[in-house]
Amino acid sequence: MKTAEAYEHEQGWDFEKAAMPYVDSLYNTAYRMTRNSEDAEDLVQETYLKAYKYYDKFEEGTNFKAWLFKIMKNTFINNYRKKKLTPHKIDFSEIEESYERVIQKNAPDLIRDPESEIFQDMMDADVKRALDSLPHDYKMVVLLADIEGFSYKEIAEILDCPVGTVMSRLYRGRKMLERTLLDYARKYGYIRGEAEPAKMRSRKDEVKGRKKKDEKGEETDVQEPEESEEEVLFAEAEDEEFEFEVEEQEEERFEVE
Amino acid sequence: MLCDDYKRVVYFFLDGSVSQRRAVELETHRRDCHDCDERTLVHRKLRDFVKKRLAPISAPEHLKVRLVQSLRIAE
Ligand SMILES: [Zn+2]
């Protein structure tokens with residue numbers, strides 16, 4: 001704990017030196033998650049102040065970057081709950097089916113040269129929109145893995161969930177993202193048919209009892225624990241084989257990193 | 001190995017996150033299966049595309065200044 005003034009000062013300096021190199025990474029993820037620079041700045045600042053406050057709780061020798069991201073993710077979740085955004089319920093089998101239809105028709109064209117031919121005219125804004133269309137849990141995993149380059153194990157640490165859940169969200173998040181991009185490509189006429197928009201029903205439609213509460217905007221509804229929402233989502237669709245696959249990988253690989 | 005098995009782990013395969021033994025099985029299947037080979041390429045191209053288009057955004061300088069200031073006050 002902080003006692004002597006000198007020690008305190010040294011700790012502050014240490015923290016600054018250790019934490020500031022990650023500010024761009026944190027900001028980038030914060031910006032993608034909050035979707036505006038003001039909220040992103042606030043989120044990063046809150047993260048740094050919390051991290052500083054709890055710096056003595058950080059275990060030396062563990063992953064500091066992942067620790068900062070974990071604090072940021074918790075802060076984001078808290079703010080997200082306050083803002084009462086409604087989580088979505090996804091019919092993933094429907095997404096898979098339409099993905100398969102598009103892939104079967106278009107794979108050869110897509111491979112030939114998606115960047116300079118098919119996707120050439122797609123706007124950065126479209127890619128951003130596709131990312132933003134993901135429910136935030138999936139979006140977070142995709143960002144952490146594909147943009148920030150964290151390993152599955154690090155993501156599991158950041159999100160406080162099993163590695164299997166990370167893989168499951170990554171699988172779905174990426175597939176949803178790809179599917180949305182393919183859907184835009186179809187709308188622009190670059191590829192052929194049948195990628196109807198995925199139905200993303202909100203939780204409100206599913207649970208009628210909650211609907212009225214939502215409309216009134218009562219605090220109780222917001223308290224719904226996010227983790228259990230997630231568990232429900234995966235319990236529904238995760239088949240045994242997939243779980244087996246995940247377990248097998250968990251055992252065999254995660255020492256490699 | 002069936003195509004369904006391949007599809008289920010293709011992302012993890014691309015990440016280099018499957019065991020050595022599994023990777024060999026997957027690679028063998030991919031070599032013999034045109035569809036799965038194509039699918040793998042599509043996934044990879046789309047991911048590269050997304051990564052390229054979502055170029056990292058750096059934190060604004062005024063934020064960095066503000067952070068350092070607020071940390072020094074917090075001390
Ligand atoms: Zn196959």
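In the predicted model, 58 residues of chain A are in contact with 44 residues of chain B, a contact being heavy atoms within 4.5 Å. Chain A and chain B bury about 5000 Å² between them, and 59% of this area lies on carbon and sulfur atoms. Buried area is the accessible area (1.4 Å probe) that two parts lose on being put together, summed over both. Between chain A and chain B, 8 salt bridges are counted, each defined as a side-chain nitrogen of Lys or Arg within 4 Å of a carboxyl oxygen of Asp or Glu. Over all chains the structure holds 24 salt bridges.

Because the model is predicted, local features need pLDDT of at least 70 and side-chain atom pairs count only at pLDDT 80 or more, whereas totals for chains, interfaces and linings use all residues. Residues are numbered from 1 along each chain as its sequence is written, chains are lettered from A and ligands numbered from 1 in the order in which they are written, and side-chain values use heavy atoms, with hydrogens and water left out.

The average pLDDT of chain A is 74, and 65% of its residues score at least 70; pLDDT is the predictor's confidence in each residue, from 0 to 100. Over residues 195-257 of chain A the pLDDT is below 50, and this stretch has 102 contacts in the model beyond near neighbours in sequence. Where pLDDT is low, the predicted coordinates should not be read in detail.

Chain A contains 15 helices and 2 strands. Helices (H or I, at least four residues) and strands (E, at least two) are DSSP runs, numbered from the N terminus. Of the 257 residues of chain A, 50% count as buried; buried means under 20% relative accessible area, exposed over 50%, and partly exposed in between (1.4 Å probe, protein chains only). Among contacts in chain A with a separation of 6 or more, 74% are accounted for by residues 24 or more positions apart.

Helix α7 of chain A (residues 124-132) has Asp126(A), Val127(A), Ala130(A), Leu131(A) and Asp132(A) buried. The buried residues of α7(A) pack against α2 (23-34), α8 (136-147) and α10 (163-187) of chain A, together with α3 (34-53) of chain B. Glu16(A) is placed in helix α1 (residues 5-19) of chain A and is buried, at 8% relative accessibility. Leaving aside residues up to four places away in sequence, Glu16(A) touches Pro21(A), Val68(B), Leu71(B) and Arg72(B).

A zinc ion has the protein donors Cys3(B) (SG), His29(B) (NE2), Cys33(B) (SG) and Cys36(B) (SG), at 2.1 to 2.3 Å. Donors are N, O and S atoms within 2.8 Å of the metal (3.2 Å for Na, K and Ca); water is not among the atoms, so sites may look incomplete. The arrangement is tetrahedral because the 4 donor atoms subtend angles of 99 to 115° around the zinc ion; for four donors, this class requires all angles to lie between 85 and 135 degrees. Along the chain, the donors follow the spacing C-x25-H-x3-C-x2-C. Distant parts of the chain are linked by Cys3(B), in helix α1 (residues 3-14) of chain B, and His29(B), in helix α2 (residues 20-32) of chain B, 26 residues apart. Cys3(B) is partly exposed, with a relative accessible area of 31%, whereas His29(B) is buried at 12%.

Side chains of opposite charge can pair when their charged atoms come close. Arg174(A) and Asp15(B) form a salt bridge of 3.1 Å, N to O. Arg174(A) is buried, with a relative accessible area of 4%, and Asp15(B) is partly exposed at 26%. Within helix α1 of chain B, Arg8(B) and Asp5(B) lie 3 residues apart, about one turn of the helix, and their salt bridge has its closest N and O atoms 3.0 Å apart. Arg8(B) is buried, at 12% relative accessibility. A further salt bridge (3.5 Å, N to O) joins the side chains of Glu61(B) and Lys64(B). These residues are separated by about one helical turn, being 3 residues apart in helix α4 (residues 61-74) of chain B. Glu61(B) is exposed, at 54% relative accessibility. Glu100(A), Asp4(B), Lys7(B) and Arg39(B) are joined into one network by salt bridges that share partners.

Conventions
Tetrahedral: all angles 85-135°; square planar, octahedral: opposite > 155°, others 65-115°.
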